[in-house]
Amino acid sequence: MRRFAYALISLTFGLVTWSVAAQPLSAYLPTDIEYDASVPTPQSVLGYEVGEWHVRHDQLVRYMEVLAAHSDRISIEYTGRTHQQRPLLLLTVTAPENHSKLEQLRQQHVALTDPNRKADPKTAPLVLYMGYSIHGDEPSGSNAALLYGYYLAAAQGEKIEQLLRDTIILFDPSLNPDGLSRFAEWANQHKSINLVSDPQHREHMQGIPRGRVNHYWFDLNRDWLLLQHPESRARIANFQKWKPNVLTDFHEMGTDSTFFFQPGIPSRRNPNTPEENVALTAKLANYHAAKLDQEGRLYFTEQAFDDFYVGKGSTYPDVQGAIGILFEQASSRGHAQDSINGLLEFPFTIENQFMTSLTTMYGAHENKERFLDYQQRFFRNALKQAEQADFKGYVFGEGSDPARLHEMLTILKQHGIQAYPLSADVTVDKVTYRAAHSYYVPLAQQQYTLIRAIFSSDQSFRDNTFYDVSGWTLPMAFNVPFTQFNGRTIKHAEQAYQGLPAASPAALPADAYAYAFNWHNYFAPRALQQLLAAGVKVRQADQPFTARTHSGDQNFTMGAVVVTRANQQLDWSTVQQHLTTVANNNQVSLHAITSGLTPIGIDLGSRDLRPVEPISVMLLVGQDADMYEAGEAWYYLDRHVGVALSMVDTDRFSRADLSRYSHIILVDGSYRTLGKAGAERLQRWVNDGGVVIGQKGGARWLAEQGILAAKFVSNEDFDSKFDSSSLSFADRDSYYGKRRVAGAIFGLDLDLSHPLLAGFPRAQLPIFKDSLLAMEVPEQPFLVAARYQQEPLLSGYAAVENRQVISQKAAIIGHRKGQGRVIAFTDDVNFRAYFWGTAKLLSNAIFMAPAVSPSANADEDAEAAAAAAAEAAHAH
């Protein structure tokens with residue numbers, strides 16, 4: 001390929017660049033080979049040259065469909081749809097004669113990953129997974145995919161033809177269609193004939209949500225392991241189906257940077273990644289460097305980016321016998337932008353991604369046997385390591401909530417991990433795992449390395465600086481007890497978990513006095529919300545009780561949902577139909593109660609079985625509210641609870657009609673836009689009966705405005721723990737790495753009698769923590785629902801100095817304010833949508849808020865308690 005040929009002739013006047021012509025296809029392509037003239041070019045389908053405009057996803061799909069129709073090298077499949085119903089594409093590219101025997105070739109390849117099968121690395125096909133632009137506003141990848149697709153279809157000669165005979169290329173041109181489309185619209189709608197390179201120009205300053213994220217504002221490059229989104233589930237299904245040797249992950253970074261490719265910082269790779277993986281990554285790096293040197297391009301390889309969290313695209317393959325490669329291109333974030341290195345134009349960024357697509361492909365092919373041999377030895381060594389491990393596997397179980405347990409099992413299954421149901425109870429470390437709801441994951445299986453990475457709860461690392469999280473232990477995220485097993489035998493079924501069996505609709509006794517279900521199930525809040533939406537009158541228990549049912553006495557805990565025949569506006573038969581449907585759809589066990597008189601606890605006419613009013617929830621979003629946490633709250637309430645959530649920008653809060661809302665949520669953020677007037681307006685709304693819920697920075701802002709009666713631990717308390725007097729300049733990164741909580745899992749001690757913790761099965765709860773936020777325990781009793789444990793760290797990295805300060809501090813506080821309620825969380829309760837173990841805290845803050853009766857004012861609280869006692873006495 002010739003050096004970047006500027007068919008774009010630029011005349012620069014101050015901040016304005018006059019675009020005379022787009023760069024033609026020939027300026028991108030290698031000139032040492034011929035191209036099939038019958039293959040349609042991108043320009044012939046799109047109507048413009050690559051890089052002239054940002055390609056929309058629908059245009060990208062159309063071009064890939066045209067290529068598949070015109071080339072016998074390419075087949076195309078639709079592997080799923082995004083949240084916005086855009087198709088997810090996967091193109092399979094190989095020699096024409098290979099398409100008729102694709103399954104045979106796949107079996108020949110995946111046999112290398114199974115130590116029990118015979119396979120020959122010399123004859124098995126090489127498999128490459130070429131994926132582009134998982135962050136939609138890093139579009140040079142997907143725009144380079146136009147060029148790469150054309151090259152694969154049109155390039156002629158023995159070199160490419162031999163490669164295709166030996167190789168299966170899985171080509172995913174857009175890993176984030178919704179984000180790519182959002183950003184393409186943004187960049188294109190702000191494009192002028194005279195390209196504006198001013199970094200402050202609106203084209204380069206996206207609003208919320210940015211194109212980086214998917215429909216629900218999630219970073220899909222953090223979801224490879226967690227699999228909470230359809231884009232990830234479709235991608236991982238094909239990864240596990242094909243077990244590729246190399247996976248590419250094309251990104252962009254800051255405009256003032258240059259170009260990055262791995263191996264990355266040596267000390268920051270995942271400890272489960274073999275040294276040989278790093279060596280093979282470096283082998284490919286030589287091909288990238290040679291090409292970039294030839295073109296005179298700037299680049300770097302061992303700075304800035306780590307390879308630690310196995311839920312990212314460049315690390316997930318590394319613990320499965322493949323080579324994941326991160327590419328980072330300095331971003332024009334539009335069509336042209338000024339940088340410290342000069343004018344950075346979109347076509348230049350595309351060309352770098354295209355060049356390294358080719359160097360990856362040809363470099364891997366030249367070392368085909370070495371990559372395949374490494375893959376085979378990786379899985380054979382994994383079984384040897386399993387045999388040498390100091391334990392045999394993991395046992396885990398959860399009897400209180402099948403939904404959380406089965407979601408965790410579903411994730412394991414999608415990653416090819418075998419989990420076997422126990423056929424007999426087993427006791428490990430004084431904890432008994434019941435056969436009915438417990439599973440065993442033996443280490444001795446193909447995915448040994450990934451299993452160790454998923455279940456890891458390491459707290460010590462050779463480098464304390466993390467680009468992303470340091471702890472992600474899956475069972476902790478789901479609040480599922482687990483432990484290592486090293487006994488002699490463990491009895492389990494022969495067949496691994498295959499999915500939750502379809503439930504048979506249960507017939508409800510028609511003569512019931514009432515129906516009820518407990519609050520333990522993860523989807524109990526959704527069941528309650530669906531009943532409310534259907535017009536069913538619902539009550540919720542603020543105290544536990546035992547009721548007589550058609551199947552005997554049944555215990556109901558705080559939070560239990562009760563539907564009585566009394567006070568219904570719908571026909572009782574219609575109510576029963578709604579109950580049957582809702583219970584079956586949400587996996588809740590519905591009990592038919594025969595009498596309002598209970599043998600233990602409150603009766604069904606008690607004031608502690610309060611009517612649940614329909615809710616209307618506002619979520620504050622915008623530039624000073626964290627986009628990711630707002631997306632997590634939206635996702636949870638929309639998909640897992642069924643709440644029609646109103647998202648209101650902070651700069652519109654002063655004009656919003658607050659009387660429409662029963663609850664307002666503030667996730668992490670500064671909320672400077674609200675100002676004093678906004679704070680006073682919110683305070684009046686709370687005093688009039690509203691419920692405000694603050695998370696992290698949102699909670700701190702509430703405290704700063706005098707709405708939340710809590711004091712946050714000061715920065716000085718943390719500063720005093722660290723001695724920096726003898727540090728050298730070289731210690732800077734390590735010092736600040738130590739000062740942070742690097743995305744770890746902490747443990748909480750719960751007050752299970754508190755309404756905010758209704759439905760939680762144990763007095764200990766893992767929670768994700770990525771900040772130093774904690775609240776002092778107030779003098780006024782009854783306000784604290786949860787505190788950090790004495791030794792709070794459960795998984796990941798947090799310096800002992802930070803842990804000492806956070807120890808025993810308050811993590812969840814709730815209190816009455818006027819007629820309303822204020823509830824605060826110091827941590828992200830819906831982190832990346834996979835922390836199902838803590839997500840219900842948000843539902844409890846919504847539905848159980850009326851039961852949060854204590855006031856932060858001691859005198860007010862005493863008066864309220866006395867009034868309640870007097871009212872109760874008068875009733876007698």
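Four strands, in the order β14-β17-β13-β18, make up an open sheet with antiparallel pairing. Strands β14 (420–421) and β18 (482–485) stand at its edges with a single partner strand each, so one side of each has no neighbour in the sheet. Please keep in mind that this is a predicted model. In general, the strands of a sheet pair through backbone hydrogen bonds, in a parallel or an antiparallel way.

- Strand β14 is joined by two bridges to β17, which covers residues 438–442, and the two strands run antiparallel.
- Within this pairing, Pro-421 has Tyr-439 of β17 standing opposite.

**Helices lying across the sheet**
- Helix α11, made of residues 402–414, lies across β13 (393–397) and β17. Its direction is at about 150 degrees to β13.
- Helix α12, made of residues 448–455, lies across β13, β17 and β18. This helix runs at about 50 degrees to β13.

**The protein as a whole**
- The protein has 23 helices and 35 strands in its secondary structure.
- A compact globule of 876 residues would have a radius of gyration near 29 Å, and the protein agrees with that, at 29 Å.
- Along the principal axes, the C-alpha atoms fill a box of roughly 95 × 70 × 65 Å.

**Burial, contacts and surface**
- Of the 876 residues, 60% count as buried.
- Taking contacts between residues at least 6 apart in sequence, 78% join residues at least 24 apart.
- The accessible surface comes to about 33,500 Å², and 47% of this belongs to carbon and sulfur atoms.

Terms used: Residues numbered from 1 in each chain as written. Predicted model: local features only at pLDDT ≥ 70, side-chain atom pairs only at ≥ 80, totals over all residues. Heavy atoms only, no water. Pairing = 2+ DSSP bridges. Contact = heavy atoms within 4.5 Å. Axes fitted to C-alpha atoms, helices over the stretch in contact; angles between N-to-C directions. Rg over C-alpha atoms; globule rule 2.2 N^0.38 Å. Buried < 20%, exposed > 50% of the residue type's maximum accessible area, 1.4 Å probe, protein only. Areas by Shrake-Rupley, 256 points an atom, 1.4 Å probe, with all protein chains shown as cover.
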